[in-house]
Amino acid sequence: MRLHRIRRSMVAAVSVTGMAAALLAGCGSDGGSEGGVTKLTFAASTLGDPGRGPLLTKWLEEFNKSQNKVQVSPAAVPYPTFGQTILTQMGSGKGPDLIRFDMPEFESASDAGLIAPLNDLIDVSKYDLLKQPDQFMVHDGQRHGIIFEASNYAMFYNADLIKKAPTTYDEFVETAKSLTKGDTYGLAFRQTEAEEAGVWQDIFNYVYGFGGAWSDGKQLTINSPENLKGLQAYKDLYDAKVIPRGTDAATFRRMFAEGKVGMELNNGGYVTATRGQNADLNFNVAPIPFPVRKQGTILAPIVINEASPAKEEAATFIKWALEPANQVKLQEILGASSVATVTQRSPEKLKETPFLTVFDDLTESSLPQIVLGFEAKTPDIRKVVVKNVIAALQGTVDLKTALDNAQQEASQLVG
Amino acid sequence: MRLPHVGLTLRIIGVLLVLGVAVFPLYWMFVTALTGDSELFASEARLVPDFSQFGVFIDALAEGKATTWLLNSLVIAAGTTILSIGLGIPLGYALSRFSFRGKVIVTVVLLFTQMLPEALMVVPLFALFRRFDLLDSLGGLILVNSAFVLPIVALILKGAIDGLPREVEESARVDGARPLTVLLRINVPLIAPSLAATAVIAFFHAWNEYVFAVTFVFTPGLQPASVGIANFIGELGTPIQTVMAVSFMFTAPAVVFYLFVQKYVVAGMTAGAVKG
């Protein structure tokens, strides 16, 4: 009798488990090829931008309409955790087929063998690629990416608040101070550890703009006197309270669009994003007025996931994107950024946005925000540097000690 | 004669203060969603919603994405609640009523799992879920959330069952009830307050979960609201009013769920805390 009862309980348990397994399996994905059409996913943090995202989605739709063999759909990966999420997925043999990376993550992924080499998939000799940014796409003769967007950093300023753009660092500080009153701030930059990648982008301009560098190509130079000078300038502005302290980038960029922030150092992509938030804002752009004309550039390559079962089809999309007409359209969507190939800006566009040439003129003096010689280790070095610089901003340690600590920690990391 | 009134007044003020602290973030989200662009960063913050801006809620819903995210969140949260309680009841019962070798170790291990941060488990669980084809599915998220919430559910239910007199079960057995019948018909109704408490814990855990949801799901139509809202945060811009409107709608169902079961929760939290 007891045995009979146990057997019935077991049958019930197995049935319930089986039903649960069937339910879970039934909810699983079945992507890939369907009815002769290969379905691909494309992940790009820019797809979430209010100004550029919808336009980029339409650009993808144009590719889908151009042929009937491959369909590309956007993969929605939130910007705040984009790199971490995609690298986790790729590291486990999954993830989107096509990815638009930022440089630090691109270097890590290519070093880890997560990106498909493009040498046999795309014949780049057919295209007039921009040489300066394109040189960073090749590692030891293997091409891992094609530039999707190259966007130099410059100084955006509210032309209603600032009649003449500052041309020296002293003028820059004075302008920031004079504009800061009430609910308006002279300047804005990222200054919290929660925005690690953003802080790295921002301090890059201060370090290189004051003659510093994160490395000499062989050794890290995080605590060099030039770096200290540049980061002291960054800290002085923070201490002067000319920025909305504690405010994240999303908020202070909206403040800039609403005329509550006077200046911001940002990349060319910001033009479209700002107009997307406030089409009536009267703003202008000038080179960053720091002592040395060197600034960061956002290099964003498009790559093919090594785990993608449809690399040829993914390459079809990249080849379509490289066609001259599609490059022009992409450049117009991206704003003041450059694309992979040499493209001419139309007279209409130049009339509409005269400062586009400011960005173009900065290409030769712009550098990707990676640590040269330690490219694949950039995310790790970034973490160490940002943590220590933020500690100095918050006053828990003086800046020189913070940079010495960062140098020591990062040197141990890279070995 | 006046003293009781003073006490009551102070108590009401205290309750209102606590209520204000708890409700204010929700109210602030609502007001921000209904604030025009020009007033968003004004030095004097708007404290009263501007209902002429109500279109932001309609626009957020009109696209359909927010509704899909909320529905996905509801499926994941409800599924996690049902699965974790369904598995937590027999586990809690076994830990409470049966003596077996390693019982203490099992209990300690259950507690230990609560100390593991989710981020630590993402990579190994991703590989495991990929092997069993559970990625990019709501079922997979229900499973992973249940795995994380099950230990605390089981331990709370164990505490509640510990507090039940064994004589009740023995009487039922004398009347011919089987072990499963005793558990389902005698014990479960008696631990209803604890079940409500664990339901709240499981529901809220799954409703708010972000790390697994953002990593395990690729299809936009399967994303829950916790991930969907983060999608609004762009590299160069964020539509703040839309984020606040969707966040407000995201918070509301969870609050309603809590109000629905709250009368059982306090009793459930303390059940089993003091044993006779």
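Okay, let's start with what chain A is built from: 16 helices and 12 strands. Keep in mind throughout that this is a predicted model.

A compact globule with 415 residues would have a value near 22 Å, and chain A comes out at 24 Å, so the two agree. Of those 415 residues, 49% are buried. And if you take the contacts in chain A with a separation of 6 or more, 75% of them join residues 24 or more positions apart.

Next, the domains. Chain A splits into domain 1, which is 33-150 + 298-352, and domain 2, which is 155-295 + 371-414. How far apart are their C-alpha centres? That's 27 Å. Where the two domains of chain A touch, 15 residues of domain 1 are in contact with 14 residues of domain 2. On the domain 1 side, the largest share comes from helix H4 of chain A, residues 103-111, with 5 residues.

Now over to chain B. What is its secondary structure? The C-alpha atoms of chain B fill a box of roughly 75 × 70 × 30 Å, taken along the principal axes. Of the 276 residues in chain B, 38% count as buried. For chain B contacts with a separation of 6 or more, residues 24 or more positions apart account for 78%.

How many residues are in contact between chain A and chain B? There are 43 from chain A and 40 from chain B. On the chain A side, the elements that give two or more residues are helix H1 (2-26), helix H3 (82-91), helix H9 (249-257) and helix H10 (270-277). H1 of chain A gives the largest share, with 5 residues. Sort the chain A side by type and you find 15 nonpolar, 20 polar and 8 charged residues.

On to the inside. In soluble globular proteins, nonpolar side chains tend to be buried together. Here, the largest nonpolar core has 182 residues. Which residues have the most contacts inside this core? They are A:Leu187, A:Ala188, A:Ile203, A:Leu231, A:Val389, B:Leu141 and B:Phe216. You'll notice names from chain A and from chain B in that list. The element that gives the most to this core is helix H6 of chain B, residues 138-162, with 15 residues. From chain A, the core draws at least three residues from each of domain 1 and domain 2.

Pick out A:Leu187 on your screen. Leaving aside residues up to four places away in sequence, A:Leu187 touches A:Ala176, A:Leu237, A:Val242, A:Ile243, A:Gly262 and A:Met263.

One of those partners, A:Leu237, takes us to helix H8 of chain A, residues 225-239. This helix has 15 residues and reaches 20 Å from its first C-alpha to its last, close to the 21 Å expected at 1.5 Å a residue. Which residues of H8 in chain A are buried? They are A:Asn227, A:Leu228, A:Gly230, A:Leu231, A:Ala233, A:Tyr234, A:Lys235 and A:Leu237. A quick reminder that helps when you look at a list like that: an α-helix has 3.6 residues a turn, so residues three or four places apart point the same way. And what do the buried residues of H8 in chain A pack against? Helix H6 (169-179), strand S8 (185-188), helix H7 (196-209), helix H15 (378-393) and helix H16 (399-414), each of them in chain A.

Most residues other than glycine have a negative phi. Just after H8 of chain A, though, A:Lys241 takes a positive phi of about 55°. A:Lys241 sits in the loop between H8 and H9 of chain A. Is A:Lys241 buried or exposed? It counts as exposed, because A:Lys241 has 12 C-beta neighbours inside 10 Å.

B:Asp133 has a positive phi of about 55°, although it is not a glycine. Where is B:Asp133? You'll find B:Asp133 in the loop between helix H5 (118-131) and H6 of chain B. With 15 C-beta neighbours inside 10 Å, B:Asp133 counts as partly exposed.

Notes
Residues are numbered from 1 along each chain as its sequence is written. Chains are lettered from A and ligands numbered from 1 in the order in which they are written. This is a predicted model: local features need pLDDT of at least 70, side-chain atom pairs count only at pLDDT 80 or more; totals for chains, interfaces and linings use all residues. Two residues are in contact if their C-beta atoms, placed from the backbone, lie within 7 Å. Helices (H or I, at least four residues) and strands (E, at least two) are DSSP runs, numbered from the N terminus. Ala, Val, Leu, Ile, Met, Phe, Trp, Tyr, Cys and Pro count as nonpolar, Asp, Glu, Lys and Arg as charged, and the others, Gly among them, as polar. The radius of gyration is taken over C-alpha atoms; the globule rule is 2.2 Å times the number of residues to the power 0.38. A residue is buried if 20 or more other C-beta atoms lie within 10 Å of its own, exposed if 12 or fewer, and partly exposed in between; C-beta atoms are placed from the backbone. A nonpolar core is a set of buried Ala, Val, Leu, Ile, Met, Phe, Trp, Tyr and Cys residues joined through C-beta atoms within 7 Å. Domain bounds come from an automatic or database domain assignment. The expected span of a helix is 1.5 Å times one less than its number of residues.
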